[in-house]
Amino acid sequence: MTIFSSQLFMSAIIFGTVILYGALGEILAEKSGNLNLGVPGIMYLGAIAGLAGAFFYEMSTPDPNGFLCLVISLVCSFAASCLGGLLYSFLTITLRVNQNVTGLTLTIFGGGIANFFGGALNTLAGGVGQISVASTSAVYRASLPFANDLGSFGKVIFGHGFLVYVALVLAVCMAWFLNRTRTGLNLRAVGENPATADAAGINVTRYKYVATCLGAGISGLGGLYYTMDYVKGTWASDGTIESLGWLAVALVIFATWKPINVIWGAYLFGYLRWLYNYIEGLGRSSQEIFKMIPYIVTIVVLILVSIRKKRENQPPASLGLSYFREER
Amino acid sequence: MATEYAVELRGVTKTFGPVVANDRVDLQIHRGEILSLLGENGSGKTTLMNMLSGIYYPDAGEILVNGKAVTIHSPKDAFDLGIGMIHQHFKLVDVLTATENIVLGLKEPGRLDLKAAARRIREICDKYGFAVDPEKKIYDMSVSEKQTVEIVKVLYRGANILILDEPTAVLTPQETARLFAVLRNMKADGKSIVIITHKLHEVMEISDRVAVLRKGAYVGDVATCDTDPQKLTDMMVGHAVTLNIDRPEPKERTKRLEVRGLTVRNQYGVKALDDVTFDVYGGEILGIAGISGCGQKELLESIAGLQRIETGSIRYFPADDGGQTEKELVGMSPLAIKKAGVALSFVPEDRLGMGLVGSMGMTDNMMLRSYRKGLPIFTNRRDPKKLAEQVREQLEVVTPGVNTPVRRLSGGNVQKVLVGREIAAAPKVLMTAYAVRGLDINTSYTIYNLLTAQKIEGVAVVYVGEDLDVLLELCDRILVLCSGKVNGILDGRTTTKEEVGLRMTNLQEKEGAAQ
């Protein structure tokens, strides 16, 4: 039990992956100028939809096909999260409702609906805490067969379910998309200065909708990963997803809106989150202080970024503002 | 032959509510010429050109490009026709580089190749003599560099017709000279260039032809070599129109403000006001004339305590006791100026931005002036409500109720609320900036009469206006600002429109800040 134990690194990566998805989706939305504070709610939606899809499929057949388990839960999760993003988009982009209010409402809404259906699924499954989608969860948790033979280091790197690696690929792709493609450039312009983007012939509304909905879909995968891997295909209405969602929002700020920074930031947050278990002699209260570290680090980063005033590290300039063409 | 023109406008009309911005304008732009579009503030120059660049859509009339009738619905349509406009407020994304800004929104085939784009930008720069670094971020650039990026952006998209909206307003003389050199290079390359301006010496220097607009209507065009600043001024201001505004002789003029050597710098470090000296008297209306951006805003804001003043003094005489209780306003905050008993009422240019809170009703807006009165914790809503009802009745404000958010009222009614509130504060000095901008004729007259009534009661009224006819009929004295300097203070009853117009556009060094 040391602070360099491979077990700690394993936990850090698993924890980090949940918020990595949440933060990547949020970056995509925020780059379009939409400050979606509904990430926790969207992760809830992704979690419960994926779980429900897998549950009903596993109920319907005595011998669930692993691939179908995977596809059904993935599609359900992504679609439900996108719908959450669509609701947010419709309210903030088309109706121009205040983004903060909409986001917070979406968080409450997502949590409520997920816990309602979580309870309902548990009842269907036979009682509190009875729901389990073992076959689907097994697919998500399957690691490379040789991972266990690679020693503790190899296990830390290769011993995870496929969503861990998808998240990494996604982060790299998103960095490339934002910085190297025409569409990415246009998206950044929309988030920075929608009036300029509009004058340049970019369809601001479409960019905002697509970025926010896809971003929500990606964030929702964090919820799916949480239910399938982190809690191994069960449902617990203990509010963990919500706290993870907020951590994802904090991570976006910590990473100064850069997907590559999100990767190491997510794992660092995961490491700090579990560190208290690996330090001898911590009392209950000191443990709680340790759990605060990711938030404290985020505040420190915010302070440093605002002191340094480097323009590249600032949030998109029109983040949180609705765009209305006639208001010139 | 129709195709000898690059662009032809036929009978183009555009209205905004009750205001006619352009009235049946016919204008031709030739190939390979620099055309100056000249006119006073609010004469519809920018609106007209915005219809070419796709920002506005004309209500009537037709636009021909290269002899073919076209419809321009968006900036993109304009680009496709080879028309590019460089606005006064640059449309650039700060955190992106020059290259990224230039290729923004383009639907070129293939992958985004910023290096190739940068090469093309350098070619364009070399061809016309621009100096801009394609890799540089916009936020690191000077105003002149940003303007260059805007021009290159338009050229990169293959524009043959460039419209520049007051391009020299933000430039130093050296930068202006450089811009003009580039424009001449572009002209030599066969491009048509339209410059929107009201600086006569620039018109004479750069353009081949001058087209003049006055109050939205097309006055005519003239070859630059056949004209001189005097003739152009006459075309621009036109003949005096009689408005029949009631103007009683001032009685019992008492000095209220004494402004001496006032100098203020704007955010770019340029002198917005330069050694401004004048007096304001109770019982008269002092008009302030000048081309927009010549220091009117800074002048009023200095007196109201909203500007940082470099040098100079503003003395205020609250009582008629021969200067016993005079106060120095420079260095006092707006609140301190108010607390010291200085009665300044300020109707700012931006009514809903600085004057009123749009989402609050009339009552609450009245309270913004009085919330410090009464008991320390609780606000008094009864008096403001009474005042709101009174203003609504006396000034005939059209509103569903005194609690309807003022944002929902029309521009004229918003202005009435604001002026009504300021007058209700019983000021000794009442300052208004563009008080009738965007208002219809009847409301404008209501405002003129209100100001005159204040004058009769002995208030010192400062009226910053755009319309010279109004200034000439409403004001007792007219102070003309030119590039932040006082370019003469004229008697409103004897001066002529031509005189004021010429002083607005030509700084007369000899007279300088003469009283």
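**Where the two chains meet**

Lys137(B) and Glu312(A) are joined by a salt bridge, in which the closest N and O atoms are 2.6 Å apart. The model is a predicted one. In total, 2 salt bridges are counted between chain A and chain B.

**The interface**

- The size of an interface is often expressed as the accessible area that is lost when the parts come together.
- Between chain A and chain B the buried area is about 2000 Å², and carbon and sulfur atoms give 56% of this area.
- On the side of chain A, the residues that lose the most area to chain B are Arg182(A), Leu185(A) and Arg311(A), which together account for 34% of what that side buries.
- Chain A brings 18 residues to the contact, and chain B brings 23 residues.
- There are 7 residue pairs in polar contact across the interface of chain A and chain B, with both residues at pLDDT 80 or more.
- Two or more residues on the side of chain A that touches chain B come from each of helix H8 (182-192) and helix H9 (194-199) of chain A.
- Of the elements of chain A, H8(A) gives the most to this side, with 6 residues.
- Sorted by class, the side of chain A that touches chain B holds 6 nonpolar, 5 polar and 7 charged residues.

**The nonpolar cores**

- The largest nonpolar core contains 118 residues, and those with the most contacts inside it are Ile19(A), Trp235(A), Ile151(B), Leu162(B), Leu183(B) and Met186(B).
- Helix H1 of chain A, covering residues 6-31, gives the most to this core, with 13 residues.
- When neighbours within four places in sequence are left aside, Ile19(A) is in contact with Leu244(A), Leu247(A), Ala248(A), Leu251(A), Ala266(A) and Phe269(A).
- A second, separate core has 43 residues, among them Ile291(B), Cys294(B), Leu450(B) and Val459(B).

**Salt bridges over all chains**

- How many salt bridges are there over all chains? The count comes to 33.
- Side chains of opposite charge can pair when their charged atoms come close.
- In chain A, the side chains of Lys291(A) and Glu288(A) form a salt bridge, with 3.3 Å from N to O.
- Lys291(A) and Glu288(A) are separated by about one helical turn, because they are 3 residues apart in helix H13 (residues 284-291) of chain A.
- Both partners are partly exposed: Lys291(A) has a relative accessible area of 24%, and Glu288(A) has one of 35%.
- In chain B, Glu249(B) and Arg493(B) form a salt bridge whose closest N and O atoms are 3.1 Å apart.
- This pair links distant parts of the chain, 244 residues apart: Glu249(B) is in the loop between helix H8 (229-237) and strand S11 (254-265) of chain B, while Arg493(B) is in the loop between S20 and H17 of chain B.
- Glu249(B) is exposed, at 55% relative accessible area, whereas Arg493(B) is partly exposed, at 30%.
- Arg503(B) forms a salt bridge with Glu499(B), and their closest N and O atoms are 2.6 Å apart.
- Arg503(B) and Glu499(B) are 4 residues apart in helix H17 of chain B, so about one helical turn separates them.
- Is Arg503(B) buried or exposed? Arg503(B) counts as buried, because its relative accessibility of 6% is under the 20% limit.
- Glu499(B), by contrast, is partly exposed, with a relative accessible area of 31%.
- Lys215(B), Asp467(B), Asp469(B) and Lys497(B) belong to one network, joined by salt bridges that share partners.

**Two buried threonines of chain B**

- Thr495(B) is located in the loop between strand S20 (485-491) and helix H17 (497-505) of chain B.
- Thr495(B) is buried, with 15% relative accessible area.
- Apart from residues up to four places away in sequence, Thr495(B) touches Leu472(B), Ile478(B), Leu490(B) and Val500(B).
- Thr224(B) lies in the loop between strand S10 (217-223) and H8 of chain B.
- Thr224(B) is also buried, with a relative accessible area of 7%.
- A polar atom of the side chain of Thr224(B) lies 3.0 Å from the backbone oxygen of Ser207(B).
- Not counting residues up to four places away in sequence, Thr224(B) touches Ser207(B) as well as Val203(B), Met204(B), Asp208(B), Arg209(B) and Val210(B).

How values were computed
Residues are numbered from 1 along each chain as its sequence is written. Chains are lettered from A and ligands numbered from 1 in the order in which they are written. This is a predicted model: local features need pLDDT of at least 70, side-chain atom pairs count only at pLDDT 80 or more; totals for chains, interfaces and linings use all residues. Side-chain values use heavy atoms; hydrogens and water are left out. A nonpolar core is a set of buried Ala, Val, Leu, Ile, Met, Phe, Trp, Tyr and Cys residues joined through side-chain atoms within 4.5 Å. Buried means under 20% relative accessible area, exposed over 50%, partly exposed in between (1.4 Å probe, protein chains only). Contact means heavy atoms within 4.5 Å. Buried area is the accessible area (1.4 Å probe) that two parts lose on being put together, summed over both. A salt bridge is a side-chain nitrogen of Lys or Arg within 4 Å of a carboxyl oxygen of Asp or Glu. A polar contact is a pair of N or O atoms within 3.5 Å; within protein, one must be able to donate a hydrogen and the other to accept it, and residues adjacent in sequence count only if both atoms are side-chain atoms. Ala, Val, Leu, Ile, Met, Phe, Trp, Tyr, Cys and Pro count as nonpolar, Asp, Glu, Lys and Arg as charged, and the others, Gly among them, as polar.
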